[in-house]
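User: I have a model open and want to learn how to read its features. Please walk me through them one at a time.
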Amino acid sequence: MIPEFLKTAFADVAAAGLTGVTSPLTSLLSIRDPRDADGLLYYWGRSMMAAAGATHTARGLDHLPPGNVVFVCNHQSNYDVILFFAHVRKHTRWVAKRELFKIPVFGQTMRLAGNIPVDRDGSESDKSRLSEAVLAVRERVSVMFFPEGTRNSDGKLKPFKKGAAVFAIQAGVPIVPMAVSGTRLILPKGSLALRWGKRAALVIGEPIQTQGLSVEDRDAVTHQLEQTVARLYARACELSGDRP
């Protein structure tokens, strides 16, 4: 029987090694076209889940439409992104807080890979970046939003901010609601130590169309997203065994 502390130590070392190798490779592959790194990110996601000894599953992959979309998901852990990459083969990048882009190597990789840094303060620079991202999602990339605004350590959903609905309406692309469960147990908020052998699940819902909508519809769309993600989250909790 292997002690838990040894499993945790192995998981931490393996994850650090995988990320240390993947980050510069992702940067190199993204120089010509960020889409060139997608295959590597898929295998990174699978390998990172394996490094944590995690069992994981996804449901609803058949709901993914062709073309670019806005993904909307609850937010439990930094492992949410890893679980997503381990299952979803669609060119996707993130709207993320600027602090993440200041992390050595990792932050540079995020920037080169095409992720979008924001301060979330409503400044003109933020609005400008999001306007550029609206054009990008129309033409070449799907975008992920975590509308709760921060990681949710207790597993209970927080109220959604309206930015994802506004963004999708402005871009005129479908919104794909989704939910994750169990990732908070793999890497809890505020911790650097992985927990070995947890279960995680990703559940994807049917797309919500935005064509013909205006910004005035943002409240109704946000409410619909909250209800839909809550339903998907209940299913994800059943699959992961994590019942907050």
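Analyst: Start with the nonpolar core: a set of buried Ala, Val, Leu, Ile, Met, Phe, Trp, Tyr and Cys residues joined through side-chain atoms within 4.5 Å. Buried means under 20% relative accessible area, exposed over 50%, and partly exposed in between, with a 1.4 Å probe and protein chains only. This is a predicted model, where local features need pLDDT of at least 70, side-chain atom pairs count only at pLDDT 80 or more, and totals for chains, interfaces and linings use all residues. Residues are numbered from 1 along each chain as its sequence is written, and side-chain values use heavy atoms, with hydrogens and water left out.

User: Which residues touch the most other members of the largest nonpolar core?

Analyst: The general idea: in soluble globular proteins, nonpolar side chains tend to be buried together. Here the largest core has 32 residues, and Met49 and Tyr79 touch the most other members.

User: Which elements give two or more residues to this core?

Analyst: Helices (H or I, at least four residues) and strands (E, at least two) are DSSP runs, numbered from the N terminus. The contributors are α1 (4-30), α2 (38-51), β2 (70-73), α3 (79-85), β6 (175-181) and β7 (199-204). α3 gives the most, with six residues. Another core lies apart from this one; it has 30 residues, among them Val72, Phe160, Val221 and Leu225.

User: What is Tyr79 in contact with?

Analyst: Contact means heavy atoms within 4.5 Å. Leave aside neighbours within four places in sequence, and Tyr79 is in contact with Ala15, Met48, Met49, Ala52, Thr183, Ile186, Leu187 and Leu194.

User: Now helix packing. At what angle do α6 and α8 pack?

Analyst: Axes are lines fitted to C-alpha atoms, for helices over the stretch in contact, and angles run from 0 to 180 degrees between N-to-C directions. Helix α6 (residues 163-171) packs on helix α8 (residues 218-240) at about 115°, with axes 8 Å apart.

User: Which residues meet there?

Analyst: From α6 come Ala165, Val166 and Ile169; from α8 come Arg218, Val221 and Thr222. By type, the contact has four nonpolar residues, one polar and one charged. In that scheme Ala, Val, Leu, Ile, Met, Phe, Trp, Tyr, Cys and Pro are nonpolar, Asp, Glu, Lys and Arg are charged, and the others, Gly among them, are polar.

User: How many residues of α6 are buried?

Analyst: Seven of its nine, so α6 counts as mostly covered under the 20% cut-off. The buried ones are Ala164, Ala165, Val166, Phe167, Ala168, Ile169 and Ala171. Just after α6, Gly172 takes a positive phi of about 70°.

User: What about α8: is Glu226 there buried or partly exposed?

Analyst: Glu226 sits in helix α8. Glu226 is partly exposed, at 27% relative accessible area. Beyond residues up to four places away in sequence, Glu226 touches Lys158, Pro159 and Phe160. Between Glu226 and Arg46 there are 180 residues of sequence separation and 28 Å of space, C-alpha to C-alpha.

User: How many disulfides does the structure hold?

Analyst: A disulfide is a covalent bond between the sulfur atoms of two cysteines. The test is a pair of cysteine sulfur atoms within 2.5 Å. This structure holds zero.
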